[in-house]
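The following explanation goes through the packing of the secondary structure elements, beginning with a pair of helices and then turning to the sheet.

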Amino acid sequence: MKNAKTLIYDGSFNGFLTAIFKAFEEKMIVSDIQKESKGQEGLFSETEVVFTQIDLAKRVWTGIGKKSNLAIKNVYFAFLSESKGIELLLYRYVRKLFAGLNVTEPRHDEDLIFKVGQLAHMVAREKRRTETSLRFQLTQDQVYFAAVDPDFNILPLISKHFRSRYTDKPWIIYDTKRKYGLYYNLDGVELVSLNLHEVYAGRIIKGDRFLQETSSDQEMWDNYFKEVPIISLLNKKLLTTRSTRRNLGYSREKTAV
């Protein structure tokens with residue numbers, strides 16, 4: 001009889017999909033799937049480290065897409081919720097999907113489908129809210145900057161919206177909670193980190209137009225932008241590959257995050 005295993009992956013979506021492939025391919029009994037940063041504590045089952053393989057991740061992604069358009073959205077959006085135990089929840093969801101369960105018509109007794117759909121809906125709602133309410137602040141080096149602290153990891157989802165809306169202006173949208181951001185340099189979008197001790201989310205002028213004047217409660221933040229060019233603070237070590245710069249997000253045709 002096989003022992004149950006806890007799969008440890010690198011935290012990326014491609015890494016998670018690779019873990020699903022390994023579990024299916026080797027017919028594992030999976031007790032949990034954890035990010036490597038969390039996989040060192042409280043483990044009572046046998047562990048196995050899964051190394052990300054894009055080709056295997058694509059096979060899982062394509063397989064989910066062939067089963068259901070709704071499922072492919074739900075899996076990605078729910079994963080970005082970063083909810084506790086989301087990996088095992090989604091693994092079970094995908095197993096049911098491949099076993100023939102119709103996830104587009106959840107019954108009241110299908111608690112698993114309801115939970116995944118609910119998480120995906122919450123992420124989608126925050127994505128839409130951010131796209132409509134985000135305001136940029138103009139920095140010393142003429143880069144438009146916005147700091148956010150979303151409940152969910154929505155930056156990969158809002159990249160396309162702002163890339164198409166602001167094509168002629170360089171901008172940065174920075175997640176202060178997760179310490180990374182999107183940088184649009186007029187050529188493409190890159191993932192970056194900032195060498196800042198503090199980034200204040202939400203301290204921007206509210207209005208329909210970009211920042212022109214300051215208000216008293218954000219004077220310190222505005223003065224900081226006047227003194228330090230934001231581009232000089234970019235951590236270039238986190239710049240992504242060319243394929244990722246073209247498309248930060250998932251589609252049925254390609255995996256790019």
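**Helix pair and sheet**

In this predicted model, helix α3 (residues 69–79) packs with helix α5 (residues 111–133) at an angle of about 70°, and their axes are 8 Å apart. Angles of 65 to 115 degrees count as roughly perpendicular, and α3 and α5 are therefore roughly perpendicular to each other. On the α3 side, the contact is made by Asn 74, Phe 77 and Ala 78. Helix α5 contributes Val 116, Gly 117, Leu 119, Ala 120, Val 123, Ala 124 and Lys 127. Sorted by class, the residues in this contact of α3 with α5 are seven nonpolar, two polar and one charged.

The strands come next. Three of them form an open sheet in the order β2-β1-β3, and the pairing is parallel. The edges are taken by β2 (29–35) and β3 (46–49); each has a single partner strand, so one side of each is left without a neighbour in the sheet. From one strand to the next, the twist averages 25°.

Strand β1 (residues 4–9) pairs with β3 in the parallel sense over four bridges. Within β3, Glu 46 is the bridge partner of Lys 5. Helix α1 (residues 13–25) packs on the sheet, where α1 touches β1 and β2. The direction of α1 makes about 155° with that of β1. Helix α4 (residues 86–98) also involves these two strands: α4 lies across β1 and β2 and runs at about 135° to β2.

Conventions
Residues are numbered from 1 along each chain as its sequence is written. This is a predicted model: local features need pLDDT of at least 70, side-chain atom pairs count only at pLDDT 80 or more; totals for chains, interfaces and linings use all residues. Side-chain values use heavy atoms; hydrogens and water are left out. Axes are lines fitted to C-alpha atoms, for helices over the stretch in contact, and angles run from 0 to 180 degrees between N-to-C directions. Angles under 35 degrees count as roughly parallel, over 145 as roughly antiparallel, 65 to 115 as roughly perpendicular and the rest as oblique. Contact means heavy atoms within 4.5 Å. Ala, Val, Leu, Ile, Met, Phe, Trp, Tyr, Cys and Pro count as nonpolar, Asp, Glu, Lys and Arg as charged, and the others, Gly among them, as polar. Two strands pair if DSSP finds at least two bridges between them.
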